[in-house]
Amino acid sequence: ARGAIILAGGRSTRLGGADKPRLEVDGAALIDTVVAAVSTSAPVVVVGPEDLAGPGIRAVRENPPFGGPVAALAAALPLVPDEVDEVWLLACDLPRAVDVVDRLEAVSLAGDVEGVILQDADGRDQPLAGRYRVRALRRAVEVIGEPSGASLRRLLAPLNLLRVVDADGASVDLDTWEDVAAYRASHPTATIEDDERIRS
């Protein structure tokens with residue numbers, strides 16, 4: 001069984017505090033795009049504001065709010081039943097989340113492999129574009145101690161991860177308005193009608 005954890009609790013400081021999960025790109029809110037990519041997973045746990053909950057989607061807040069990705073993971077894992085072996089771990093700002101899932105879906109977590117992540121063309125790991133064994137994540141959270149403010153890279157460093165080279169940028173994330181503009185310029189179907197509402 002495979003679940004999904006989507007991290008949507010950041011401050012979006014580089015987007016001027018905009019409501020990033022609801023930013024419309026390619027005609028859909030980013031959070032809806034990511035949720036759709038993992039539609040066959042259960043449970044789907046979104047870490048962020050309660051109003052991101054919906055049919056088949058549980059929302060939980062990290063403690064404290066804005067405590068970072070490790071705190072978000074620590075809040076989400078108790079909502080994942082023991083019989084779920086693997087989870088997707090995805091950022092909420094992946095406009096190509098479907099491509100991320102497509103790239104990693106078929107990779108087997110065999111033997112002692114504990115996860116598979118995309119690695120961008122510059123050789124940087126993209127840990128929030130990945131799929132992990134639940135027990136490995138639980139163990140890593142226990143080992144790291146206080147999760148608030150902890151480094152996600154440090155949390156995942158002991159894990160035995162496979163890396164899939166992301167040759168065409170499927171793991172692109174939208175951290176700044178420049179990122180949003182660049183993505184829209186290269187994806188002409190993207191829409192902008194909600195920008196003013198989201199910025200305000």
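Biologist: How many salt bridges does the structure hold?
Modeller: It holds 13 of them. Bear in mind that this is a predicted model.

Biologist: Ok, which residue does Arg2 form a salt bridge with?
Modeller: With Glu105; the closest N and O atoms of that pair are 3.0 Å apart. The pair ties together distant parts of the chain, 103 residues apart: Arg2 belongs to strand E1 (residues 2-7) and Glu105 to helix H3 (residues 97-105).

Biologist: What's the relative accessibility of Arg2? And of Glu105?
Modeller: Arg2 comes out at 23%, so partly exposed. Glu105 is at 36%, so partly exposed as well.

Biologist: Switching topic: how far apart are the closest N and O atoms of Glu114 and Arg139?
Modeller: 2.5 Å, and the two form a salt bridge. Glu114 lies in the loop between H3 and strand E7 (115-120), while Arg139 lies in helix H4 (residues 134-144), 25 residues apart.

Biologist: Is Glu114 buried or exposed?
Modeller: Buried, because its relative accessibility is 14% and the cut-off for buried is under 20%. Arg139 has 40%, so that one counts as partly exposed.

Biologist: And what does Arg124 pair with?
Modeller: Asp122, with the closest N and O atoms 3.3 Å apart. Asp122 is exposed, at a relative accessible area of 59%, whereas Arg124 is partly exposed at 48%.

Note on methods. Residues numbered from 1 in each chain as written. Predicted model: local features only at pLDDT ≥ 70, side-chain atom pairs only at ≥ 80, totals over all residues. Heavy atoms only, no water. Salt bridge = Lys/Arg side-chain N within 4 Å of Asp/Glu carboxyl O. Helix = DSSP H or I, 4+ residues; strand = E, 2+ residues; numbered from the N terminus. Buried < 20%, exposed > 50% of the residue type's maximum accessible area, 1.4 Å probe, protein only.
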